[in-house]
Amino acid sequence: MWNPMCSLPLGIRQSGTNRVWRVWGCRLCSQSPKTPIQQSNPTLRPQAEKQRRKREREKAILTKGVGNEGIKWTEKDRIIYSASTVPGEKKDTTVPFPKAYSPEYVESCWYQWWEKEGFFTPEHHRKLSHSVNGAFSLCIPPPNVTGSLHLGHALTVAIEDTLSRWRRMQGYKVLWVPGCDHAGIATQSVVERKLLRKHGKRRQDYSREEFLREVWNWKNDKGDEIYEQLRKLGASLDWTRACFTMDPGFSSAVTEAFVRLSDSGLIYRSEGLVNWSCALESAISDIEVDSKQLPGRTLLSVPGYERNIEFGTIVTFAYPVEGQDGEVCVSTTRPETMLGDVAIAVHPDDPRYTALHGRHCRHPFTDRLLPIIPDASVDMQFGTGAVKITPAHDHADFLLSQRHELPWLTVIGGDGLMTALCGHWLEGVKRFDARMRVLEALTEKKLFRGIKDHPMALPICSRSGDVIEPLLKRQWFVRCEEMAKKAIQAVDEGQLDIQPHFYTKIWKNWLSNISDWCISRQLWWGHQIPAYRVSMPHATTQEEELWVWGRSESEARERAAAKFGVAQDGICLTRDADVLDTWFSSALFPFAMLGWPQQTSDLEQFYPNSMLETGSDLLFFWVARMVMLGTELTGQLPFKQVLLHSLVRDKYGRKMSKSLGNVVDPLDVIHGVSLERLQEKVKEGNLDPRESAVAMEAQRKDFPQGIPECGTDALRFTLCSYRTQGEDISMSVSQVLSCRHFCNKMWQTVRFTLGVLQDSNEPVKPLDQISPISSMDRWICSRLLSTLRQCEEGFHGYELHAVTAALHSFWLHSLCDVYLECIKPVLSSPVTATEGDESRVHAGNVTEVERCAARSLLYHCICVSLTLLNPIMPFITEELWQRLHPYSPLADHHATSLCVQPYPQSSQLVNWDFPQEEADFKLAQEVIRVARSLRAQCHMTKERPRLWVVCTPVQAQTLQSFSAAVETLGRVSGLHFHCPPEEGATALPISTPPPPEGCAVGVVNHTCQLHLDVQHHVAVDRQVASLLERRSRVLPKLEQLLGRIVTPGFMEKVPERVRLDTEQRILALKQELKNIEEQLQALEQMKKSQ
């Protein structure tokens, strides 16, 4: 069932497949049953636009040139965890710490231990010291038992698991139920192909019971492949409650649902037009219909035909008017259906046909009279303005026939052969062979008027590759109108929250125009419909079908006896051979997985579910049906919130699809895969030759060396980093590789920290006893608190990209790049100094109190940030946390797992709030940036020159408090402040004389400049060239800004904030130009003196 990447276009006024039919149907007149639709534009233009975009994407793939370089990487040494650990036992973290991060090493053993310890079960809740009185429950969209996971699944798992782990760490009683869908059509097709290949037998060569045994054998042999893939992704599912939709308990729930809905009149049996696959000889659901865009004449392979069949053309032929000279021309893409035409429709205001209203045309092959009917739904501007009506083979025609009480003539059977209504010359002929015979016969009767290319959308069965045929069949249907009204009301009244909120309008529009749902499938694998046809042995005639239903045959017999007033032994029951649509059972998942209809403890605790998270493309196929059936059967909404994520596309913007060969297996990203193996998978897919060529070229271009081993944590972090609630996601493996580098950064940071802790005899202080001493200590504490607040806000708003961005920034740009580098001198210098002077740190003198504080702060910063990251990156955070835990100041050194530790709260670190230090350090960071830039421009690598900062007294005082950080990170040997004297102001004690001449000058802002003493380090000619290059970059920027402020209306129209910012930038650039000119003059004098 679960197929997040299948993005079938959803109609607003009708279902998605009906819209496909309106595009390609036998008269190509896309009409709504309620309002006429002008479709010379809406049908052709979108198709042409889709074709144009497709060609552009293919061209981008096939074009070789600059900018097409694929992902580049070097093979890393794989480190294997080789300690003797029994599966399910805790991993040994006392073994030596590897020098580099290796996903295979990190991810071994942990999941088996988590599962064995029962950390993922709600029963573990009572063992948590931080447990709260609250529950969090959700179900995973059950993947098909036939399939394997793709990146769409991985995205769902990453989001749902992150939310589940977060709630579990918050102390909630969490239940996340795994499930697997029996996938009726897909599974039956797989087993049929296997039996044909292995034994040369078709399904019909077996009895139903024999075939079902083969399916169960296949299912059992296949085992739990999907479940193992979910484990590889780190999904913290409660495997003790795993649910397969064909399990006995679930099957009982399906039967109960059918009986209750039938009793309430919501399920009924009727003749209706359904999507039919002649290859499967079954009705299929909308989501199993793919719309293949054809630009014009196209030859396609169709199951059951040795030759390719032509599509993408439109045929025009004439019907003679009865009783007078003249004809009415009609156009169709399916001429074989003309044998089922029962009328011709024209617009009542069309002057071309006004005189023909009420007249008839004679059918040339059946001799039927076809009435010419005026109907306002006909588009006068399209084609000839006359439309052939074939109610039994077209959705829109079927609706029109009901308005005009026209007969329904089925001319194509369920097996794809023409029926007896066509006459002896076509009876038993395959439908597309009949197409050619009809065209020949029309030509022979001089009624053929032409054929031309016609862009169209062809509906294809995704399971069999067959062209879908709309056929009239007696089926079981669910009445949806009243249930849909309740679903709309639930959203309108705020009982059901759908995010992103823009989907609420789509929800309302679609459900307001919903049609009844066909739930019959002509298969053997699935839930056999619990309905029985009743026949009376002594009855002489039976004008209509008589049906009853029941939870068992005996109950059905009792119901039949009571309904028809006969004795039970006088009734013969025949169970319906059809099975229920897979989506019917899937719609029961939120409550059937908890034991419904039994009033179980799980149902009482966890229903309604807290939320549902799934792909936006399943909003109607699955989500709406769960809401409708859940409300009807349980009296409650199945969940309180719906969180929809976007679709995953490849880097070229194409939907990831098996038919395009661009699906990426998440396990290939986790473990790595060669290019050769990737190309083998494309060849195994039996794609269209062109699609195969494009797919393989894309692989060669994107993955010339294959896909590197990235690991589960890097993949999960990447997927959570996308803004999933909005535009579709263009997935790039290079981003996953970048996240693997981030994992290695974390690894090396903890490796350094372990070395620091091992070299000290002083214990780490508890978190609540730490008092930050230096400005840098207070800054990192405040940065951690700010990061924690961002995580809290991101999680509560389900904006995981904000959480990942905050944590990534903290680790790289605050902890590693800044604080860790700043405290290295503190941790390595001898303890000889006394407290009070910041500059003594860089001089190599620190106090023991400072060293102990820095060590403890480093430990807690890493442990807290690992805990914050754990819901997203469970494996590496567990590994690193377990390594650090022995140094914990807490008495319990045998804590179980990080995944059940309390999630940090900002209220616990409120004493670490130092907003002034955070604000002040931004100036220090700018000084460091400009100082590094000056060093680079002067080609200085090892030298540590002196640095003068010419600034205001306030800036000097701010920078003085971070002087050690500026010297360390700016790689300068001394920091001097010169504050130009201001009239009436007292000189600062820290102010020094002006910087010497010949310094390299950089501008921080219009009041702060840096002077780097480079006279003894840099060749004059090189410095002059560097300054000239800087001037050539600064001048255009200044000219652009000056041109902007003289634009008419700038002062009046531009906001004050923007004006002030522009003015400050102009001042800074002017100062920088002035400094450059002064340096050039000084260097010129230096050259003369040499």
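This is a predicted model: local features need pLDDT of at least 70, side-chain atom pairs count only at pLDDT 80 or more; totals for chains, interfaces and linings use all residues.

Lys-446 is not a glycine, yet its phi is positive, at about 60 degrees. Its place is the loop between α11 and β16 (448-453).

**Backbone geometry**

Most residues other than glycine have a negative phi, and most peptide bonds are trans. Against that background, several positions deserve a separate look.

Cys-109 also has a positive phi, near 80 degrees, and is a residue other than glycine. Cys-109 sits in the loop between α3 (103-107) and α4 (110-117). Is Cys-109 buried or exposed? Its relative accessibility is 18%, and since buried means under 20%, Cys-109 counts as buried. 

Tyr-798, which follows helix α24, has a positive phi near 55 degrees.

The bond from Gln-499 to Pro-500 has an omega near -5 degrees and is cis; Pro-500 belongs to the loop between β19 (497-499) and α13 (503-512). The bond from Tyr-607 to Pro-608 is likewise cis, with omega near 0 degrees, and Pro-608 lies in the loop between α17 (601-606) and β26 (612-615).

**A four-stranded sheet**

Four strands form an open sheet with mixed pairing, in the order β13-β14-β12-β15. Which strands stand at the edges? These are β13 (360-362) and β15 (386-389); each has a single partner strand, so one side of each is left without a neighbour in the sheet. From one strand to the next, the twist averages 30 degrees.

Strands of a sheet pair through backbone hydrogen bonds, either parallel or antiparallel. In this sheet, β12 (residues 343-346) and β14 (residues 369-374) run parallel and are joined by three bridges. Ala-345 has Ile-373 of β14 as its bridge partner, and Ile-344 stands opposite Ile-372 in β14.

The pairing of β13 with β14 is antiparallel and extends over three bridges. Here His-360 stands opposite Pro-371 of β14. The hairpin of β13 and β14 has six residues between the strands, and Asp-367 in this hairpin takes a positive phi near 65 degrees.

Helix α10 (residues 395-404) lies across β12, β14 and β15, and runs at about 90 degrees to β15.

Helix α24 comprises 22 residues (775-796). From its first C-alpha to its last it reaches 32 Å, close to the 32 Å expected at 1.5 Å a residue. Of the 22 residues, 17 are buried, so α24 is largely enclosed by the rest of the structure.

Gln-955 lies in helix α30 (residues 953-960). With a relative accessibility of 11%, Gln-955 counts as buried. Leaving aside residues up to four places away in sequence, Gln-955 touches Leu-923, Asn-1005, Thr-1007 and Cys-1008.

**Salt bridges**

Side chains of opposite charge can pair when their charged atoms come close. The model has a count of 59 salt bridges.

| Salt bridge | N to O distance |
|---|---|
| Asp-433 with Arg-307 | 2.8 Å |
| Asp-650 with Arg-654 | 2.9 Å |
| Arg-929 with Glu-926 | 2.9 Å |

The pair of Asp-433 and Arg-307 links distant parts of the chain, 126 residues apart. Asp-433 is in helix α11 (residues 431-444), whereas Arg-307 is in the loop between β8 (298-300) and β9 (309-311). Asp-433 is partly exposed at 27% relative accessibility, and Arg-307 is partly exposed with a relative accessible area of 36%.

Asp-650 is buried, as is Arg-654.

Arg-929 and Glu-926 both belong to helix α29 (residues 915-937), where they are three residues apart, about one turn of the helix. Arg-929 counts as partly exposed at 46% relative accessibility, and Glu-926 counts as partly exposed at 30%.

Finally, a network of salt bridges links Glu-256, Arg-260, Asp-263, Arg-551, Glu-555 and Arg-559.

Methods
Residues are numbered from 1 along each chain as its sequence is written. Side-chain values use heavy atoms; hydrogens and water are left out. Helices (H or I, at least four residues) and strands (E, at least two) are DSSP runs, numbered from the N terminus. The expected span of a helix is 1.5 Å times one less than its number of residues. Buried means under 20% relative accessible area, exposed over 50%, partly exposed in between (1.4 Å probe, protein chains only). Two strands pair if DSSP finds at least two bridges between them. Axes are lines fitted to C-alpha atoms, for helices over the stretch in contact, and angles run from 0 to 180 degrees between N-to-C directions. Contact means heavy atoms within 4.5 Å. A salt bridge is a side-chain nitrogen of Lys or Arg within 4 Å of a carboxyl oxygen of Asp or Glu.
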